[in-house]
Amino acid sequence: MMDVQTQKIETLLAEMTLEEKIGQLQQCGPSLVGAFEVSFEELLDMMFDGRISQEEFGKLMSTAEQDFHEEDLRAGKIGSYNGVGDALTANRLQKIAVEETRLGIPLLFGYDVIHGFRTVTPIPLAESCAWDPALWQRTARMSAQEATAAGVHMTFAPMVDVAKDARWGRVSEGAGEDTLLNGDYGAAKVRGFQGDDLAQTDALVACLKHFSAYGAGEAGKDYNRVDMSLQRLWEEYLPAYKACIDAGARAVMPAFNDLNGVPCTVNDWLLRAVLRDEWGFDGVTVSDANAIAECVNHGVAADRQDAAKQALQAGVDIDMTSNAYSENLQGLIEAGEVAEALLDEAVQRILKLKFELGLFDQPYRTDAEKEKLTLVKPEYRALAREAAAKSMVLLKNEGILPLQPQQKIAVIGGLADDAGQMTGAWAIGALGEDCVSLTQALDAQGIAYAYHPGIIDGSVAADAVNQAVETADVVILAIGEQKEESGEAASKADISLPAIQLELAETLVRTGKPVVAVLFNGRPLAIPTLAEQVPAILEAWHPGLEAGNAILDLLYGTVNPSAKLTTTFPHTTGQCPLYYDHIATGRPGGKSKFTSKYLDTPLEPVYPFGFGLSYTTFAYSDLWAEKRADAVRLTVTLKNSGNRAGEEIVQCYVQDKVAKRARPVKRLAAYRKVLLQPGEAVAVEFAVPFEKLGYYDQRMEFVLESGAFTFFVGGNSRDNLAETVDLRFG
């Protein structure tokens, strides 16, 4: 017997015309009209190519207006919008859908809420360095409350693309290079976004992306091909997506890339056999922007009509902005080339999601007054500050930090004074005036300082810099990437610091003043020279709205640093991809000539995965492991051997010593964050399930082999205790 919701969907579906069904699959992105003769996309290309200046682009855009295609909406040709982020506009469009269309089906509004809506938190790569699922869930809940107050129903997040190549710009949007961490991060975000009940007005549908293996693009280039074994796909990349499905994600976005030659957008094995049949996903799939049409560029579709046919057959429900469905599906179905039953299935899933959100009963879930009262609340600022402080990694400290109140400081570097740069990539709802730069935080807290940007007109202003630091006890150097240098379409062939910034650092080092480098960046950087020259380095990433305050919390020791890297920092770009869980080779890198290494760079990275310092120290001892009924139980003694309270992220890795397939030298199996008082010692326990010890063999069968397994426990992936256990299974 059908439940009530299913009956309503079936009744509604029976009343819909073919055109109205197709309309539910159309996600409209508001287009721009104005006093210019080329398309908005061409204008963007002209600016990026240097044919027009950013100022000229801004002037042209000031004359533009958004076109929401209301006539198509009234005709039932639009089922959802992408990029509408204010309650007034959302309700105006919703009113048309509910009151002026034939069937009154409410709209679904999607928006890129990647790391905060208006209250911008650290970029995901940064926040992942907190190794704190509870924090990740809390910041997602805050984002959902703000976004839904602004009329948004669905976010195109979390991104859980395992990313092992620092050249890729979108490494900033995920949780780094590890499979387990990406899965834990994504699952926490799903729970935070969606809450306990999608019908609640502050529930935000999580659209998991990018399915699948988008982070493995060849050479770290965005949108590039992905070619890998199925074993690696199932062991390293798919588990993070599966964790999000298990957490209840109600939407999935196929990736731009091809996977072993088949674009994910038309990959029926990926979207039907794996996602729906094997994993049981019954939610909605949404193409990435224009991705269906781009299957023509991939060379797997003859034209947009062919692309639309393949995408629907593969299981893509919603077409984001390419118009491939709206322009072609009716003709394909009427010609008998596509079964209308496939269209009905997609419509049913979309309607089901709208019912789950309660949109048929409550299409207006917010209003402008609620939006105004919800955005950037004081408690949201406090959470953003907490998240930023927990995300910044202390990479080096030769006794310089924490700073003392009586010390005179100089602040050098333009990024210290640029609040707008603090948001990082994909903070499209952010307002610059909400952000706090380092200099603004110093001013607000009444801390005296001398400031100079350091670089003027492309040159180091050495005399002015020397004068600015002359009376300082400590110099804070703010350097790194502009926010535009990471994110989508921001892959880089060189991830080292610009030569001019290194020259500025060297100028400051020559003054003899102790230098604290504060790095702002959206990816791991190759910083061997900086790491050698300066006595203290704080990796701040792009920390979000409360950037300046959180940095001061750490520099002055109000907060004891606890974050650990979730991505490896190489010596040079040429080492990319460089990651900790690489497969063992027949000739491991070493001093001998005929080993796996580069001639011109060290074997070890500058900073390994899992690395991060504190203002206290921790000692590990007495690692013990034994086999239990369904897991390996490990215990290690952790002692705070320093003189102040601090949190340590204890990490447990495992290596399968002998297997029928070459296995990683180690892989993260578990972790715990532990707070200890000075001198306090505790026994930290882990239980590693046997399922984490298996792998896929050459026949793609999951196997659990008896034999020796070495477990490593410590404060990072390099420095740890080890214990080998002989395990016998079945």
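## A three-stranded sheet

Strands E21, E22 and E25 form an open sheet in that order, with antiparallel pairing. A strand (E) here is a DSSP run of at least two residues, numbered from the N terminus, and two strands pair if DSSP finds at least two bridges between them. Strand E21 (618-627) and strand E25 (681-689) are at the edges with a single partner strand each, so one side of each has no neighbour in the sheet. From one strand to the next, the twist averages 20°; the angle is taken between the N-to-C directions of lines fitted to C-alpha atoms, on a scale from 0 to 180 degrees.

E21 and strand E22 (residues 631-640) run antiparallel and are joined by eight bridges. In one of these, Ala619 has Lys639 of E22 as its bridge partner.

## Basis of the model

This is a predicted model, in which local features need pLDDT of at least 70, side-chain atom pairs count only at pLDDT 80 or more, and totals for chains, interfaces and linings use all residues. Residues are numbered from 1 along each chain as its sequence is written, and side-chain values use heavy atoms, with hydrogens and water left out.

## An eight-stranded sheet

Another open sheet has eight strands in the order E11-E8-E7-E6-E5-E4-E1-E12, and the pairing is parallel. Strand E11 (284-285) and strand E12 (319-320) are its edge strands, each pairing on one side only. Two bridges link E11 to strand E8 (residues 251-254) in the parallel sense, and Val252 stands opposite Thr285 in E11.

E20 pairs with strand E13 (residues 393-397) in the antiparallel sense over four bridges. With strand E19 (residues 515-520), E20 pairs in the parallel sense, also over four bridges. Ala536 is the bridge partner of Asn397 and of Val516.

## The annotated domain

The unreviewed UniProt entry places "domain: Fibronectin type III-like" at residues 648-717; such annotations may be inferred rather than shown by experiment. The span is 57% strand and 0% helix, and its end C-alpha atoms lie 14 Å apart. A helix here is a DSSP run (H or I) of at least four residues.
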